[in-house]
Amino acid sequence: MIEYKARSVARHWIENIVKQGDTVVDATMGNGHDTLMLAHLVGKEGTVFAFDVQNGALEATHKRLAQEEISNVRLILCGHERMDSFVHVPVSCVVFNLGWLPSGDKNITTMAATTIEALNKALVLLKKGGIISICIYPGHPEGKREKEEILKWASALSDKEFAVMHTYFANQGNDPPENVIVGKL
């Protein structure tokens, strides 16, 4: 059965792009759900770089990975805007799940300025045929700013180099999550 949620839309794209042996980035590890999914997709021969600014995110993700004996993930305590300091090879996918850490301090959110900086770095790391998956949560003030800046950023990308798709649920209220998928041609 199809699950009609923004994360499910993103997962569909990710699962169709990421292959065994790939290198990928989880730009916002949170509680590790996307990190774990990516680790399974790339397999033991692949590598996942996962970033977050909160110790709680690293601890939760480490625990989740340890339960499944996953060892192909590098957990990095720093902002996603510094991903190019750690990742030095082309990647097939960069995942952004913006907002705040579920069950964490809602005053600590991703910020439009650092997200745009990270997205620009992700474009450079992305190999041909790869994608950047961005799940935007516009239901709070910084989320609205992020959405505006991301859509402006995505609209300015060259259509000769990138394909950009923006999906949202048109009949849901309360600012539901939205997806932007950027594919490198």
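Q: How far apart are the mean positions of the positive and negative charges of the protein?
A: In this predicted model, the mean positions of the 19 positive and 22 negative charges are 2 Å apart.

Q: And which helices and strands are there, in what pattern?
A: The protein has 5 helices and 7 strands. Along the sequence they follow the pattern α-β-α-β-α-β-β-α-β-α-β-β.

Q: What does the radius of gyration say about the protein?
A: A compact globule of 185 residues would have a radius of gyration near 16 Å, and the protein has 15 Å, so the value agrees with that expectation. The C-alpha trace spans about 40 × 40 × 40 Å along the principal axes.

Q: What share of the residues is buried?
A: Buried residues make up 48% of the 185 residues.

Q: What about the accessible surface, how much belongs to carbon and sulfur atoms?
A: The accessible surface comes to about 9,600 Å², and 53% of this belongs to carbon and sulfur atoms.

Q: Turning to helix H4, why does its span agree with its number of residues?
A: Helix H4 covers residues 112-125, which is 14 residues. At 1.5 Å a residue these should span 20 Å, and the end C-alpha atoms are 20 Å apart, so the two agree.

Q: Which residues of H4 are buried?
A: They are Ala112, Thr115, Ile116, Ala118, Leu119, Ala122, Leu123 and Leu125. In an α-helix, residues three or four places apart point the same way, because there are 3.6 residues a turn.

Q: What do the buried residues of H4 pack against?
A: They pack against helix H5 (141-155) and against strands S4 (91-97), S5 (126-136), S6 (162-167) and S7 (178-184).

Methods. Residues numbered from 1 in each chain as written. Predicted model: local features only at pLDDT ≥ 70, side-chain atom pairs only at ≥ 80, totals over all residues. Heavy atoms only, no water. Helix = DSSP H or I, 4+ residues; strand = E, 2+ residues; numbered from the N terminus. Rg over C-alpha atoms; globule rule 2.2 N^0.38 Å. Buried < 20%, exposed > 50% of the residue type's maximum accessible area, 1.4 Å probe, protein only. Areas by Shrake-Rupley, 256 points an atom, 1.4 Å probe, with all protein chains shown as cover. Lys, Arg positive; Asp, Glu negative; His and termini not counted. Charge placed at Lys NZ, Arg CZ, Asp CG, Glu CD. Expected span 1.5 Å × (residues − 1). Contact = heavy atoms within 4.5 Å.
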